[in-house]
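Please consult the sequence and the structure shown below while reading.

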Amino acid sequence: MTSPIFLSSGDVIADRRFEWARDREAKGDLTGAADLLMQTIDLAPGYAPAWFVLGELRERIGDRAGAVAAFEQAKLADPHDRHGAALRLLRLGAESADAMAEGYVRALFDGYAPEFDHALTKGLNYRAPELLFGAVEAAHAGGRMKFGSVLDLGCGTDLAALPFRPFSDWVVGVDLSPRMLAQARTKGLYDRLIESEILVFLASEAKIGARYHLVLAADVFMYFNDLTPVLMAVAQVAASPGYLAFSVETHDGDGVILRETLRYAHSKEHVQASLAAAGLKPISLDFASTRTEKGSPVPGMIVVAGS
(Lines give C-alpha, C1' and ligand atoms only; values in the text may rest on other atoms or scores of the structure.)
Protein backbone atom coordinates (compact mmCIF):
# COMPACT_ATOMS: atom_id res chain seq x y z
CA MET A 1 0.00 0.00 0.00
CA THR A 2 0.99 3.62 -0.48
CA SER A 3 1.39 5.72 2.62
CA PRO A 4 -1.81 7.77 2.90
CA ILE A 5 -1.74 11.40 3.92
CA PHE A 6 -2.06 11.51 7.70
CA LEU A 7 -5.50 12.82 8.55
CA SER A 8 -7.34 11.94 11.71
CA SER A 9 -10.85 10.58 11.33
CA GLY A 10 -11.87 12.52 14.43
CA ASP A 11 -12.55 9.25 16.23
CA VAL A 12 -9.71 7.93 18.38
CA ILE A 13 -10.90 4.32 18.14
CA ALA A 14 -11.27 4.55 14.35
CA ASP A 15 -7.76 5.98 14.06
CA ARG A 16 -6.42 3.11 16.16
CA ARG A 17 -8.21 0.54 13.97
CA PHE A 18 -6.74 2.21 10.87
CA GLU A 19 -3.18 1.97 12.23
CA TRP A 20 -3.74 -1.66 13.21
CA ALA A 21 -4.88 -2.34 9.64
CA ARG A 22 -1.72 -0.80 8.26
CA ASP A 23 0.38 -2.91 10.60
CA ARG A 24 -1.53 -6.08 9.71
CA GLU A 25 -1.02 -5.42 5.99
CA ALA A 26 2.72 -4.82 6.51
CA LYS A 27 2.90 -8.28 8.08
CA GLY A 28 1.21 -9.87 5.08
CA ASP A 29 -2.25 -10.44 6.57
CA LEU A 30 -4.34 -8.85 3.82
CA THR A 31 -7.64 -10.33 4.97
CA GLY A 32 -7.11 -9.14 8.53
CA ALA A 33 -6.14 -5.68 7.27
CA ALA A 34 -9.33 -5.47 5.19
CA ASP A 35 -11.45 -6.50 8.17
CA LEU A 36 -9.89 -3.78 10.32
CA LEU A 37 -10.42 -1.19 7.58
CA MET A 38 -14.10 -2.10 7.42
CA GLN A 39 -14.27 -1.66 11.21
CA THR A 40 -12.64 1.74 10.78
CA ILE A 41 -15.19 2.73 8.15
CA ASP A 42 -18.07 1.53 10.33
CA LEU A 43 -16.88 3.96 13.02
CA ALA A 44 -16.02 6.78 10.57
CA PRO A 45 -17.93 6.34 7.28
CA GLY A 46 -16.51 9.54 5.76
CA TYR A 47 -12.85 8.74 6.48
CA ALA A 48 -11.19 9.04 3.04
CA PRO A 49 -7.79 7.45 3.93
CA ALA A 50 -9.49 4.24 5.09
CA TRP A 51 -11.55 4.00 1.90
CA PHE A 52 -8.48 4.69 -0.23
CA VAL A 53 -6.30 2.08 1.47
CA LEU A 54 -9.15 -0.42 1.28
CA GLY A 55 -9.30 0.24 -2.48
CA GLU A 56 -5.56 -0.40 -2.79
CA LEU A 57 -5.87 -3.61 -0.78
CA ARG A 58 -8.79 -4.92 -2.82
CA GLU A 59 -6.94 -4.12 -6.04
CA ARG A 60 -3.96 -6.13 -4.81
CA ILE A 61 -6.06 -9.21 -4.10
CA GLY A 62 -7.80 -9.01 -7.47
CA ASP A 63 -11.19 -7.65 -6.35
CA ARG A 64 -11.62 -5.02 -9.07
CA ALA A 65 -15.29 -4.26 -8.34
CA GLY A 66 -14.56 -3.89 -4.64
CA ALA A 67 -11.57 -1.65 -5.37
CA VAL A 68 -13.64 0.58 -7.66
CA ALA A 69 -16.34 0.92 -5.00
CA ALA A 70 -13.78 1.83 -2.32
CA PHE A 71 -11.96 4.39 -4.51
CA GLU A 72 -15.29 5.97 -5.44
CA GLN A 73 -16.10 6.35 -1.74
CA ALA A 74 -12.63 7.82 -1.10
CA LYS A 75 -13.22 10.38 -3.82
CA LEU A 76 -16.63 11.29 -2.42
CA ALA A 77 -15.22 11.60 1.10
CA ASP A 78 -12.47 14.00 0.00
CA PRO A 79 -13.59 16.50 -2.70
CA HIS A 80 -9.94 17.61 -3.05
CA ASP A 81 -8.97 13.98 -3.82
CA ARG A 82 -5.65 14.35 -2.03
CA HIS A 83 -4.90 10.63 -2.30
CA GLY A 84 -5.52 10.42 -6.05
CA ALA A 85 -8.56 8.12 -6.03
CA ALA A 86 -9.61 9.42 -9.46
CA LEU A 87 -6.30 8.25 -10.92
CA ARG A 88 -6.77 4.80 -9.42
CA LEU A 89 -10.25 4.67 -10.94
CA LEU A 90 -8.78 5.69 -14.27
CA ARG A 91 -6.24 2.86 -14.12
CA LEU A 92 -9.06 0.44 -13.32
CA GLY A 93 -11.02 1.68 -16.34
CA ALA A 94 -13.80 3.11 -14.19
CA GLU A 95 -13.28 6.81 -14.93
CA SER A 96 -12.48 8.85 -18.02
CA ALA A 97 -9.12 10.58 -18.43
CA ASP A 98 -8.91 14.09 -17.05
CA ALA A 99 -6.43 16.46 -15.45
CA MET A 100 -5.06 15.33 -12.11
CA ALA A 101 -6.85 16.78 -9.10
CA GLU A 102 -5.12 19.89 -7.76
CA GLY A 103 -5.46 18.57 -4.22
CA TYR A 104 -3.63 15.36 -5.12
CA VAL A 105 -0.72 17.13 -6.83
CA ARG A 106 -0.42 19.73 -4.06
CA ALA A 107 -0.44 17.09 -1.32
CA LEU A 108 2.02 14.91 -3.24
CA PHE A 109 4.63 17.65 -3.57
CA ASP A 110 4.01 19.22 -0.19
CA GLY A 111 4.99 15.83 1.21
CA TYR A 112 8.12 15.65 -0.96
CA ALA A 113 9.31 19.20 -0.33
CA PRO A 114 11.71 18.74 2.65
CA GLU A 115 13.79 16.04 0.90
CA PHE A 116 12.92 16.84 -2.72
CA ASP A 117 16.33 17.94 -4.03
CA HIS A 118 18.22 15.08 -2.42
CA ALA A 119 15.64 12.45 -3.41
CA LEU A 120 15.72 13.49 -7.06
CA THR A 121 19.39 14.11 -7.61
CA LYS A 122 20.73 11.27 -5.45
CA GLY A 123 17.96 8.69 -5.35
CA LEU A 124 16.56 9.01 -8.87
CA ASN A 125 19.57 10.33 -10.80
CA TYR A 126 17.45 13.27 -11.96
CA ARG A 127 18.85 14.88 -15.11
CA ALA A 128 16.05 17.00 -16.58
CA PRO A 129 17.63 20.42 -15.82
CA GLU A 130 20.96 19.64 -17.50
CA LEU A 131 19.25 17.94 -20.45
CA LEU A 132 16.91 20.89 -20.99
CA PHE A 133 19.78 23.35 -20.71
CA GLY A 134 21.81 21.40 -23.26
CA ALA A 135 18.88 21.22 -25.67
CA VAL A 136 18.15 24.97 -25.44
CA GLU A 137 21.84 25.76 -25.82
CA ALA A 138 21.99 23.57 -28.94
CA ALA A 139 18.92 25.35 -30.34
CA HIS A 140 20.94 28.58 -30.37
CA ALA A 141 23.41 26.94 -32.75
CA GLY A 142 26.46 28.60 -31.24
CA GLY A 143 24.82 32.02 -30.94
CA ARG A 144 24.68 34.06 -27.74
CA MET A 145 22.06 32.67 -25.35
CA LYS A 146 20.25 35.42 -23.44
CA PHE A 147 16.65 35.65 -22.23
CA GLY A 148 14.85 38.72 -21.02
CA SER A 149 12.16 36.81 -19.12
CA VAL A 150 11.90 33.15 -18.15
CA LEU A 151 8.87 31.29 -16.82
CA ASP A 152 9.44 28.06 -14.89
CA LEU A 153 6.22 26.02 -14.78
CA GLY A 154 5.96 23.66 -11.82
CA CYS A 155 9.16 25.23 -10.55
CA GLY A 156 9.46 23.15 -7.38
CA THR A 157 12.54 24.14 -5.43
CA ASP A 158 14.43 25.74 -8.40
CA LEU A 159 16.32 22.81 -9.97
CA ALA A 160 15.16 23.45 -13.55
CA ALA A 161 15.75 27.19 -13.62
CA LEU A 162 19.12 27.08 -11.88
CA PRO A 163 21.33 26.56 -14.98
CA PHE A 164 19.39 29.25 -16.89
CA ARG A 165 19.68 31.98 -14.23
CA PRO A 166 23.03 33.41 -15.47
CA PHE A 167 21.48 33.84 -18.92
CA SER A 168 18.22 35.44 -17.77
CA ASP A 169 17.22 38.95 -16.68
CA TRP A 170 13.95 38.02 -14.97
CA VAL A 171 12.86 34.59 -13.74
CA VAL A 172 9.32 33.71 -12.62
CA GLY A 173 8.37 30.44 -10.93
CA VAL A 174 4.89 29.03 -10.49
CA ASP A 175 3.96 25.94 -8.48
CA LEU A 176 0.90 24.44 -6.84
CA SER A 177 2.76 23.37 -3.69
CA PRO A 178 3.28 26.03 -1.00
CA ARG A 179 5.97 23.93 0.67
CA MET A 180 7.94 23.64 -2.56
CA LEU A 181 7.72 27.41 -2.98
CA ALA A 182 8.91 27.91 0.59
CA GLN A 183 12.02 25.87 -0.26
CA ALA A 184 12.55 27.89 -3.44
CA ARG A 185 12.31 31.23 -1.59
CA THR A 186 15.22 30.31 0.65
CA LYS A 187 17.50 30.02 -2.41
CA GLY A 188 16.79 33.48 -3.84
CA LEU A 189 16.92 32.43 -7.50
CA TYR A 190 13.51 33.71 -8.63
CA ASP A 191 12.45 37.32 -9.08
CA ARG A 192 8.82 36.31 -8.60
CA LEU A 193 7.17 33.18 -7.15
CA ILE A 194 3.47 32.40 -7.46
CA GLU A 195 1.36 29.65 -5.93
CA SER A 196 -1.11 28.63 -8.60
CA GLU A 197 -2.36 25.85 -10.84
CA ILE A 198 -0.50 26.16 -14.15
CA LEU A 199 -3.45 26.68 -16.51
CA VAL A 200 -5.01 29.25 -14.18
CA PHE A 201 -1.74 31.16 -13.98
CA LEU A 202 -1.15 31.10 -17.75
CA ALA A 203 -4.67 32.40 -18.39
CA SER A 204 -4.14 35.27 -15.94
CA GLU A 205 -0.78 36.16 -17.53
CA ALA A 206 -2.28 36.12 -21.02
CA LYS A 207 -5.00 38.55 -19.89
CA ILE A 208 -2.44 41.15 -18.83
CA GLY A 209 -0.31 40.64 -21.94
CA ALA A 210 2.69 39.05 -20.19
CA ARG A 211 5.28 37.57 -22.54
CA TYR A 212 8.17 35.21 -21.81
CA HIS A 213 11.22 34.56 -23.95
CA LEU A 214 11.69 31.07 -22.47
CA VAL A 215 9.14 28.79 -20.83
CA LEU A 216 10.45 25.75 -18.93
CA ALA A 217 8.53 22.69 -17.79
CA ALA A 218 10.83 20.08 -16.28
CA ASP A 219 9.05 16.82 -15.44
CA VAL A 220 5.75 18.67 -15.13
CA PHE A 221 3.71 17.61 -18.15
CA MET A 222 3.53 14.00 -16.94
CA TYR A 223 0.83 15.30 -14.59
CA PHE A 224 -1.29 16.36 -17.59
CA ASN A 225 -3.23 13.91 -19.72
CA ASP A 226 -3.77 15.82 -23.00
CA LEU A 227 -0.89 18.23 -23.68
CA THR A 228 -2.83 20.36 -26.18
CA PRO A 229 -4.60 22.67 -23.66
CA VAL A 230 -1.46 23.46 -21.68
CA LEU A 231 0.67 23.99 -24.81
CA MET A 232 -2.00 26.29 -26.26
CA ALA A 233 -1.95 28.25 -22.99
CA VAL A 234 1.85 28.50 -23.14
CA ALA A 235 1.65 29.80 -26.70
CA GLN A 236 -0.50 32.70 -25.44
CA VAL A 237 2.33 33.98 -23.21
CA ALA A 238 5.30 33.13 -25.44
CA ALA A 239 7.24 36.06 -26.84
CA SER A 240 7.99 36.14 -30.55
CA PRO A 241 10.57 34.84 -31.01
CA GLY A 242 10.58 32.65 -27.92
CA TYR A 243 11.29 29.13 -26.75
CA LEU A 244 9.49 26.39 -24.87
CA ALA A 245 11.61 23.59 -23.37
CA PHE A 246 10.03 20.65 -21.57
CA SER A 247 10.42 17.00 -20.67
CA VAL A 248 7.88 14.20 -20.87
CA GLU A 249 7.82 10.51 -20.12
CA THR A 250 7.19 8.40 -23.21
CA HIS A 251 5.96 4.98 -24.29
CA ASP A 252 6.09 2.94 -27.47
CA GLY A 253 2.37 2.95 -28.23
CA ASP A 254 -0.06 5.62 -29.38
CA GLY A 255 -1.58 8.50 -27.46
CA VAL A 256 -1.31 8.85 -23.70
CA ILE A 257 -1.18 6.21 -20.98
CA LEU A 258 -1.25 6.42 -17.19
CA ARG A 259 1.73 4.52 -15.82
CA GLU A 260 1.77 2.53 -12.59
CA THR A 261 3.58 5.47 -11.01
CA LEU A 262 0.41 7.52 -11.62
CA ARG A 263 2.22 9.77 -14.09
CA TYR A 264 1.19 10.12 -17.72
CA ALA A 265 3.45 8.95 -20.55
CA HIS A 266 2.98 10.65 -23.94
CA SER A 267 3.81 9.24 -27.33
CA LYS A 268 6.00 11.23 -29.72
CA GLU A 269 3.02 11.57 -32.06
CA HIS A 270 0.88 13.07 -29.28
CA VAL A 271 3.60 15.59 -28.46
CA GLN A 272 3.96 16.57 -32.12
CA ALA A 273 0.19 16.90 -32.63
CA SER A 274 -0.17 19.02 -29.48
CA LEU A 275 2.65 21.34 -30.55
CA ALA A 276 1.03 21.75 -33.96
CA ALA A 277 -2.38 22.50 -32.41
CA ALA A 278 -0.75 25.19 -30.27
CA GLY A 279 1.06 26.75 -33.23
CA LEU A 280 4.46 25.96 -31.75
CA LYS A 281 7.26 24.85 -34.06
CA PRO A 282 9.33 21.84 -32.93
CA ILE A 283 13.07 22.50 -32.95
CA SER A 284 14.25 19.25 -31.35
CA LEU A 285 12.61 16.14 -29.92
CA ASP A 286 15.24 13.91 -28.38
CA PHE A 287 14.60 10.65 -26.56
CA ALA A 288 16.37 10.79 -23.20
CA SER A 289 15.62 9.55 -19.71
CA THR A 290 15.39 12.23 -17.02
CA ARG A 291 15.34 9.81 -14.06
CA THR A 292 15.71 6.23 -12.94
CA GLU A 293 13.19 4.20 -10.97
CA LYS A 294 13.97 0.86 -9.33
CA GLY A 295 17.38 1.03 -11.00
CA SER A 296 16.02 1.40 -14.55
CA PRO A 297 15.88 4.52 -16.76
CA VAL A 298 12.37 5.87 -17.31
CA PRO A 299 11.77 6.41 -21.06
CA GLY A 300 11.49 10.12 -21.78
CA MET A 301 11.86 12.90 -24.27
CA ILE A 302 13.38 16.39 -24.19
CA VAL A 303 11.53 18.87 -26.39
CA VAL A 304 12.42 22.36 -27.54
CA ALA A 305 9.93 24.35 -29.59
CA GLY A 306 9.77 27.88 -30.92
CA SER A 307 6.96 30.42 -31.02
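The sections below describe a predicted model.

Helix H2 spans residues 30-43, and the axes of H2 and H3 come within 10 Å and cross at roughly 155 degrees. H2 is therefore roughly antiparallel to H3, an angle over 145 degrees being the cut-off for that term. The crossing of these two helices is left-handed. On the H2 side, the contact is formed by Leu30, Ala33, Ala34, Leu37, Met38, Thr40 and Ile41. H3 contributes Ala50, Trp51, Val53, Leu54, Leu57, Arg58 and Arg60. Sorted by class, the residues of this contact comprise eleven nonpolar, one polar and two charged.

Helix H3 (residues 48-60) also packs against helix H4 (residues 64-77), at an angle of about 160 degrees and with the axes 8 Å apart. H3 and H4 are therefore roughly antiparallel to each other, and their crossing is left-handed. From H3, the residues in contact are Ala48, Trp51, Phe52, Leu54, Gly55, Glu56, Arg58 and Glu59. Their partners in H4 are Gly66, Ala67, Ala70, Phe71, Gln73, Ala74 and Ala77. This contact of H3 with H4 consists of nine nonpolar, three polar and three charged residues.

## Aromatic pairs

The structure contains seven aromatic pairs. One of them joins phenylalanine 18 and tyrosine 47; the ring centres are 5.4 Å apart and the planes lie at 70 degrees, so the pair is edge-to-face. Phenylalanine 18 belongs to helix H1 (residues 12-26), whereas tyrosine 47 lies in the loop between H2 and H3. The two residues are 29 residues apart, and the pair thus links distant parts of the chain. Both phenylalanine 18 and tyrosine 47 are buried.

Phenylalanine 133 and phenylalanine 167 form another pair, with ring centres 5.6 Å apart and planes at 45 degrees, so this pair is tilted. It also links distant parts of the chain, 34 residues apart: phenylalanine 133 is in helix H8 (residues 128-139), and phenylalanine 167 is in the loop between strand S1 (147-153) and strand S2 (168-175). Phenylalanine 133 counts as buried because its relative accessibility is 15%, while phenylalanine 167, with a relative accessible area of 27%, is partly exposed. Phe133 and Phe167 form one aromatic cluster together with Phe164.

## Backbone geometry

A cis peptide bond connects serine 240 to proline 241, with omega at about 0 degrees. Proline 241 is located in strand S5 (residues 238-249).

Positive phi values occur at aspartate 158 and leucine 262, neither of which is a glycine. For aspartate 158, phi is near 120 degrees. Aspartate 158 sits in the loop between S1 and S2 and is buried, with a relative accessible area of 5%. For leucine 262, phi is about 65 degrees. Leucine 262 is in the loop between strand S6 (256-258) and strand S7 (264-266), and at 6% relative accessibility it counts as buried.

## An exposed isoleucine

Isoleucine 208 lies in the loop between helix H10 (198-207) and strand S4 (212-217). With a relative accessible area of 66%, isoleucine 208 is exposed. The C-alpha atoms of isoleucine 208 and phenylalanine 18 are 49 Å apart in space, and the two residues are separated by 190 residues in sequence.

Note on methods:
Residues are numbered from 1 along each chain as its sequence is written. This is a predicted model: local features need pLDDT of at least 70, side-chain atom pairs count only at pLDDT 80 or more; totals for chains, interfaces and linings use all residues. Side-chain values use heavy atoms; hydrogens and water are left out. Axes are lines fitted to C-alpha atoms, for helices over the stretch in contact, and angles run from 0 to 180 degrees between N-to-C directions. Helices (H or I, at least four residues) and strands (E, at least two) are DSSP runs, numbered from the N terminus. Angles under 35 degrees count as roughly parallel, over 145 as roughly antiparallel, 65 to 115 as roughly perpendicular and the rest as oblique. A crossing is left-handed if the near helix is turned anticlockwise from the far one by less than a right angle, and right-handed if clockwise. Contact means heavy atoms within 4.5 Å. Ala, Val, Leu, Ile, Met, Phe, Trp, Tyr, Cys and Pro count as nonpolar, Asp, Glu, Lys and Arg as charged, and the others, Gly among them, as polar. Rings of Phe, Tyr and Trp (its six-membered ring) pair if their centres lie within 6.5 Å; planes under 30 degrees apart count as stacked, over 60 as edge-to-face and the rest as tilted. Buried means under 20% relative accessible area, exposed over 50%, partly exposed in between (1.4 Å probe, protein chains only).
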